[in-house]
Amino acid sequence: MKKYLLSFAVLSTAFFTACTTDNDKTPQTYPVASTSGVFVIGSGNLGKGIDGSLTYYDYATKSATKDIFSSVNGISLGKTANDVLRYGDKVYVVVDGENTVFVLNAKNMQRIRQINITGTDMLGETQGASPRRITAADDKIYVSTFGGYVAAIDTVNFELAAKYQVGSYPEGLVVNNGKLYVANSDYGNGNASISVIDLNTKASQILTDENIRNPQEIAVAGSDIYFLDYGQFGAAPTYAQEHAGVYRISSNGVKVIVPNATGMTCYDTKIYTFNDPYGATGGATYTVYDIQSDYSYNIDLKEIDSPAAIGFDPISNYLFVASRKMDGGYPSYSTDGYVNFYDTTFRKKGSFTCGVGPTRIAFNVGVKYVTY
């Protein structure tokens with residue numbers, strides 16, 4: 001079976017298999033992947049002095065703790081939280097405005113370490129400025145920064161294992177088959193690109209195209225690269241967002257596959273998107289694109305005001321969408337948001353409150369042991 005590795009999450013632990021003969025009736029214990037909850041990053045609102053937050057929804061209790069980091073550790077995440085990842089037995093939270101990656105114990109959310117990405121033992125003040133996004137592979141976390149670099153940090157001693165220069169204003173990144181792929185947004189200024197780095201040879205290349213305008217998310221399936229592009233903003237007075245969508249880079253060049261999308265998450269052979277561009281009217285739309293069949297279809301998700309983040313849990317098969325609340329007919333950037341989740345038929349199954357400015361959804365995927 002062809003294996004697809006996509007950017008939506010890292011299934012965080014190596015799994016071991018065991019087998020028995022037909023005559024062996026002794027019960028055997030097996031490790032299986034299990035999701036115990038959902039993380040939602042709230043970026044806060046820098047202009048209004050609202051710090052970032054980490055909300056956690058627990059599957060067992062069916063309840064959410066709106067800022068579990070502060071509740072457990074007694075301190076704030078600080079300015080502009082931006083990403084979260086469960087990898088191994090730890091949770092990593094990227095905080096842009098503090099130039100920090102917090103390392104948490106996945107069992108109790110207690111702080112283990114605070115990694116200063118601008119420290120002299122990391123990337124330094126210029127290269128490490130504004131850490132943005134995180135992924136993980138082979139016992140390392142990879143953190144992109146607006147300094148134009150990616151830091152590879154080992155997850156045992158939390159030391160800098162390597163650093164990679166990439167393009168301008170990098171955002172999302174993913175590791176697949178020994179290669180690091182990075183979406184270089186250039187902050188929408190017209191010189192965006194995709195970096196591809198061989199982690200074994202250190203060889204790198206920069207992919208450019210007129211259709212790579214402002215890439216944010218990135219995924220890999222087979223030999224093809226998929227990225228969410230925010231496009232460009234039009235002229236006054238509307239400044240309407242144009243050319244936002246999901247694009248594919250293949251041997252045939254760069255092609256749009258979901259022509260209208262401002263949010264994306266991926267798992268296996270599916271890409272789930274929402275489209276709620278700046279300056280648009282009429283409400284958001286939602287689409288599923290099937291990579292294998294090269295076919296997309298619209299889905300109807302109820303009771304979402306202003307979608308801001310999306311994620312798919314491969315264990316529960318629930319689709320989660322975070323939204324801002326409305327205030328006077330406009331999305332609020334200073335009040336708490338909320339998250340709805342939907343089953344495989346896209347019926348709403350539940351909802352919970354999250355912090356201000358929801359921006360990322362990740363899953364608390366670990367291991368549980370079952371005996372047969």
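Select Asn82 and show what surrounds it: leaving out residues up to four places away in sequence, Asn82 touches Ile41, Val94, Val95, Asp96, Arg132, Arg133, Glu171, Thr359 and Arg360, where contact means heavy atoms within 4.5 Å. This is a predicted model, in which local features need pLDDT of at least 70, side-chain atom pairs count only at pLDDT 80 or more, and totals for chains, interfaces and linings use all residues. Residues are numbered from 1 along each chain as its sequence is written, and side-chain values use heavy atoms, with hydrogens and water left out.

Asn82 is found in strand β4; strands are DSSP runs (E, at least two residues), numbered from the N terminus. Asn82 is buried, with a relative accessible area of 8%; buried means under 20% relative accessible area (1.4 Å probe, protein chains only). A polar atom of the Asn82 side chain lies 2.6 Å from the backbone oxygen of Arg132.

Next, select β8 (131-137) and β9 (140-145). They pair in the antiparallel sense over five bridges; strands pair if DSSP finds at least two bridges between them. Ala137 stands opposite Lys140 in β9. Two residues lie between the strands of this hairpin, and Asp138 takes a positive phi near 55 degrees.

β9 and β10 pair in the antiparallel sense over six bridges, with Ser144 opposite Val150 in β10. Their hairpin has three residues between the strands, and Gly148 takes a positive phi near 90 degrees.

Five of its six residues are buried, so β9 is largely enclosed by the rest of the structure.

Technical notes: Helix = DSSP H or I, 4+ residues; strand = E, 2+ residues; numbered from the N terminus. Buried < 20%, exposed > 50% of the residue type's maximum accessible area, 1.4 Å probe, protein only. Polar contact = N/O pair within 3.5 Å; in protein donor to acceptor, adjacent residues only side chain to side chain.
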